[in-house]
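Student: I am new to this structure and would like to go through it step by step. Could you show it to me before I ask my questions?

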Amino acid sequence: MVSAKLQRVVSLLSRLPGVGEKTAQRYVLHLLTTDATIARELGAELATLRDHVKPCDTCGNLADVEHADDPAVCRICSDGKRDSSILCIVAKVHDLMAIERAGTMRGRYFVLGKLLSPLGGVGPEDLPLAHVAREVVSRGVKEVIVATPPSVDGEATALLLKRELGPLSVRITRIASGVPHGGDIEFADPITMGRALTGRQQI
Ligand SMILES: [Zn+2]
């Protein structure tokens with residue numbers, strides 16, 4: 001019915017989260033009918049995206065690199081104005097982005113990559129606990145803010161972090177309510193996220 005090439009791009013786009021077939025079709029038709037530079041630039045950026053963006057070696061946030069094997073340092077880690085005595089621990093980069101949007105966290109981050117999930121087969125040995133502890137000690141961290149989501153796995157991870165980091169004489173706090181129980185930090189609006197950070201409590 002339509003061009004095979006168009007259909008191929010539509011089916012690739014509709015594999016993305018939140019993009020259905022109709023939306024994908026709208027995107028492709030838009031790219032075909034408006035200024036040609038959008039499609040060209042998008043194509044060029046996507047083609048090299050995976051070679052030039054990788055997890056920061058220190059915190060796990062996403063960092064730009066010139067070559068794929070270069071050391072990765074993210075913009076937060078290289079920002080001298082950040083307070084190294086505060087370390088905010090999150091599950092994923094999406095959560096870091098949501099907290100940054102709130103604009104109240106002046107410290108640095110650590111991205112765990114996953115949550116403890118006994119039912120999902122993720123045990124303590126699968127989390128980078130030694131790496132977090134090393135960061136806490138080597139940077140003289142005074143407060144660890146545990147910003148894992150308020151879900152069963154998020155709470156279990158918070159307790160595990162408390163157990164692992166507790167002996168390091170660092171204050172460990174947990175973000176307050178405001179983020180709905182079972183909710184996703186990623187989708188919290190900046191005001192709610194800001195309140196959750198301000199109201200954090202020692203655990
Ligand atoms: Zn970093």
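Student: What spacing do the donors of the zinc ion follow along the chain?

Tutor: In this predicted model, the zinc ion is coordinated through the SG atoms of Cys56, Cys59, Cys74 and Cys77, at 2.3 to 2.4 Å. Read along the chain, these donors of the zinc ion follow the spacing C-x2-C-x14-C-x2-C.

Student: Which geometry does the site of the zinc ion have?

Tutor: Four donors count as tetrahedral if all their angles lie between 85 and 135 degrees. The angles among the four donor atoms of the zinc ion are 101 to 116°, so the site is tetrahedral.

Student: Is Cys74 buried or exposed?

Tutor: A residue counts as buried when its relative accessible area is under 20%. Cys74 has a relative accessibility of 0%, and therefore it counts as buried.

Student: Which helix gives the most residues to the lining of the largest pocket?

Tutor: The largest pocket holds about 620 Å³ of space, and among its 18 lining residues the closest to its centre are Val9, Leu13, Leu31, Leu42 and Leu46. The elements that give two or more residues to this lining are helix H1 (4-13), helix H2 (21-33) and helix H3 (36-52). With seven residues, the one that gives the most is H3.

Student: Is Ser169 buried or exposed?

Tutor: Ser169 lies in the loop between helix H6 (152-165) and strand E6 (171-174), and it has a positive phi of about 50° although it is not a glycine. Because its relative accessibility is 70% and the cut-off is over 50%, Ser169 counts as exposed.

Technical notes. Residues numbered from 1 in each chain as written. Predicted model: local features only at pLDDT ≥ 70, side-chain atom pairs only at ≥ 80, totals over all residues. Heavy atoms only, no water. Donors = N, O, S within 2.8 Å, 3.2 Å for Na, K, Ca; no water. Tetrahedral: all angles 85-135°; square planar, octahedral: opposite > 155°, others 65-115°. Buried < 20%, exposed > 50% of the residue type's maximum accessible area, 1.4 Å probe, protein only. 1 Å grid on protein atoms, 1.4 Å probe; cavity = no way out; pocket = protein on both sides within 12 Å on 5 of 7 lines; lining within 4 Å. Points joined across faces, edges and corners; volume = space filled by probe spheres on them. Helix = DSSP H or I, 4+ residues; strand = E, 2+ residues; numbered from the N terminus.
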